[in-house]
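Trainee: I've got a structure to go through and I'd like to learn how to read it. Could you walk me through it?

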Amino acid sequence: MEKKLYTVTVYSENQVGLLNQVTIVFTRRQVNIESLTVSRSAIPGVHKFTITAETDEDTISKIVRQIERRIDILKAFYYTDDEIIFQEVALYKVSTETLLDNNEVEKMVRKYNARILEVTRDYSVIEQSGHTEEIEALYEELKPSGILQFVRSGRVAITKSIEEKVSAFLEEVEARRCGSEEML
Amino acid sequence: MISGAEALMRCFKEEKVDTIFGYPGGFIIPAFDALYSYQDVFKFILTRHEQGAIHAAQGYARVSGKPGLVMVTSGPAATNIVTGAADAMMDSTPLVIITGQSTVAQLGTDSFQETDVIGITQPVTKWSYQVRRAEDLPWAVARAFYIAREGRPGPVVLDISKDAQVQMLDFHYEPCRFIRSYQPYPQPDTSAMREAAALINAAERPLAVVGQGVQLGHAIQELYAFLEKADIPAASTLMGLSIMDENYPLNMGMVGMHGNVAPNRQTNACDVLIAIGMRFSDRVTGNIQSYAPQAKIIHLDIDPSEINKNVKVDVAIVADVKTSLPALTALVNKAKHQDWIASFAPYRQQEYDEVISKDLHPQHTALSMAEVLKCLSDTSGEKATLVADVGQNQMISARYFSASPQRQFIASGGLGTMGFGFPAAIGAALGNPEAETYAVCGDGGIQMTIQELGTILQYQMPVKLIILNNSYLGMVRQWQELFWQERYSSTPMVNPDFVKIAQAYGIAAASVEKRENLQAAIQEMVAHQGPYLLEVKVEQHGLVYPMIPAGSPISHIILGKDKA
């Protein structure tokens, strides 16, 4: 099966130890997590994991179902890049001397829509957000001038659907809760 | 205000617990102290090892349908229950496992008997949670029982810090009836149901494969109604053996590696395969590419993550079979499949001629394992539980013990845990005291948990232990003989005198080796009041047939050595 980069979003309750429960599913199937970001979602109390991994669709669909099987997971989905809007952020530290002596850096900052966050006597920090390729491209261009430190975040992604994709599920669940209370 | 430990006991009472299996230790002393005042409420079974406690709880849960409750201390006790938890996870057995834990202040400091129980047990449990404050106990226990029991059952661990046991709380118990993130009973999709019915109505050669889900869902009558309306022959998995009576006309036997020839062969001849509450284990499917490639496959299961996990299916009905089977029955037409059903008979005859009759009437003087199990099956009562260990003893038990809802066959199916059988039988005897309880073990497996003879002694439990002694780790020896050029690496065993061991525990015992004495020996064991150990010295080189070699297509059935 064809391998590609999938983005998995996992909606969970806010419980201790959930990250481990999510990652062990990947480990068991020998799939490397490329990036992972955890944050709150637009729904109060619901946390959201955004995970990218390179694998085939059969494997990712099984991973998603096995993640969903964990008790404290509300719902999990997987997407290909065309189904989501996504972004990463990177920080590049270069020496201020390079920045001052070399007008190439300024050109690059403009070209990539990057911005300079801090300038000190010794170093300057450039921030760039975009897709992996854009971040990598700026990295390659800055490299000859010398990069002192570099870090790139995990992917954050939202779907092209209007609400959080878990909303419909939560409505269903609420109906179930009312049902279970009526039974008492 | 009451202590957390006292609250724990009250929670158990609220959950109608009657039996607890376990072993005390440092960080669970407060809970055991509270238990001291509840001796009239709960029967506590002190096993001789924590592994014994959890397997006993599994046996209890498997026959009673209620969650088995285990209470042990932290550290080594918690790691000793891991095998049982993994086993229960694979075989969908409801368990609530209480482990003690160090004080909250000591967590993460490598303090005495502190271990990362949550980290260790998360991969092998349905839910694993650490309770750090007494006030969280009622909530956590209620949730634990709910999760263990509802939907597809499974083991749950509650790791309770010493602080939570000794702190005081205002006790109020609210049983758990709902968890937002867990839907135990998904509703079947009606369009999938219609598609399934259409496939079944058009089928000429339908075959049902029945797994433990039917038993867990209490859907045996619903299964019969379905099979009978559409006249569908059915086979069962190892875990589903206690569902259909051996003599039920539509029961075609067991599928799988050592299953019956007819249902294995016909799996690859049917046109529609209806999998009911089973998970397409590799022991059932053999080589997955050549598993029923000709058939449309319908899968009924409560767990959505089982769908398309091993075998790609055409229609999936995700629901409790208790709900989905009657709904499906309403949609299927009455049908007759006489010719198809009759086509199983020649294979059944072939298996009888080439395997069963040889097993039951061997040409050599040594007893075969099959003779022993057939005799036990014929001699034991209408209500009986047979708990097998793992290996040849298990497969022979599955093949020759006539199981039914009143005569349950229990074994470690998914994990294949040697040492499971004997302690699980102790739990089974407590979970279903009306049934005679037999543990069938090999000489290898029994020695993995033989210390539980002490438990039998202490509580005088009427468990009958049959040791099939061939002085080998027989199943591995079988593989070595058939596939590893008879290189018997580490499979011969030098064994103790099992009868003397039983005698040391004050347990009645006998050993039998000769055919003419077998029946009398088994009759004596069955008739004996109280625990009993019967060692049967069987042929050393016995083999279990039929056999589908691991990874082979299920059509590749070996019926005997000359045919290999």
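This is a predicted model: local features need pLDDT of at least 70, side-chain atom pairs count only at pLDDT 80 or more; totals for chains, interfaces and linings use all residues.

Trainee: What does the overall size of chain B look like?

Mentor: Its C-alpha atoms fill a box of roughly 70 × 60 × 40 Å along the principal axes. Chain B contains 24 helices and 20 strands. The radius of gyration is 24 Å, close to the 24 Å from the globule rule for 564 residues, so chain B is as compact as a globular protein of that length.

Trainee: What share of the residues in chain B is buried?

Mentor: Buried residues account for 57% of the 564.

Trainee: How do I read the nonpolar part of the interior?

Mentor: The general idea is that in soluble globular proteins, nonpolar side chains tend to be buried together. Here the largest nonpolar core has 188 residues, and B:V70, B:L158 and B:I276 have the most contacts inside it. Helix α7 (residues 137–149) of chain B gives the largest share of this core, eight residues. Another core, of 20 residues, lies apart from it and includes A:V10, A:V22, A:A53 and A:I63.

Trainee: Which residues does B:I276 touch?

Mentor: Leaving out residues up to four places away in sequence, its contacts include B:A208, B:V209, B:V210, B:L223, B:L300 and B:V321.

Trainee: And how do I read a sheet?

Mentor: In general, strands of a sheet pair through backbone hydrogen bonds, either parallel or antiparallel. In chain B, there's an open sheet of six strands in the order β11-β10-β9-β12-β13-β14, with parallel pairing. β11 (251–254) and β14 (315–318) of chain B each have a single partner strand, so one side of each lacks a neighbour in the sheet. From one strand to the next, the twist averages 20°. Zoom in on β9 (residues 206–210) and β10 (residues 234–236) of chain B: they pair in the parallel sense over three bridges, and B:V209 sits opposite B:A235 in β10(B).

Trainee: Why is helix α17 of chain B largely enclosed by the rest of the structure?

Mentor: Count its buried residues: eight of the eleven in α17 (residues 369–379) of chain B are buried, so the rest of the structure largely encloses this helix. The buried ones include B:E371 and B:K374. Among the elements covering them are α16 (345–360), β17 (436–442) and α24 (515–527) of chain B.

Trainee: Last one: how many residues of chain B are in contact with chain A?

Mentor: 17 residues of chain B, against 17 of chain A. The chain B side divides into eight nonpolar, four polar and five charged residues.

Definitions and conventions. Residues are numbered from 1 along each chain as its sequence is written. Chains are lettered from A and ligands numbered from 1 in the order in which they are written. Two strands pair if DSSP finds at least two bridges between them. Helices (H or I, at least four residues) and strands (E, at least two) are DSSP runs, numbered from the N terminus. Axes are lines fitted to C-alpha atoms, for helices over the stretch in contact, and angles run from 0 to 180 degrees between N-to-C directions. Two residues are in contact if their C-beta atoms, placed from the backbone, lie within 7 Å. Ala, Val, Leu, Ile, Met, Phe, Trp, Tyr, Cys and Pro count as nonpolar, Asp, Glu, Lys and Arg as charged, and the others, Gly among them, as polar. A residue is buried if 20 or more other C-beta atoms lie within 10 Å of its own, exposed if 12 or fewer, and partly exposed in between; C-beta atoms are placed from the backbone. A nonpolar core is a set of buried Ala, Val, Leu, Ile, Met, Phe, Trp, Tyr and Cys residues joined through C-beta atoms within 7 Å. The radius of gyration is taken over C-alpha atoms; the globule rule is 2.2 Å times the number of residues to the power 0.38.
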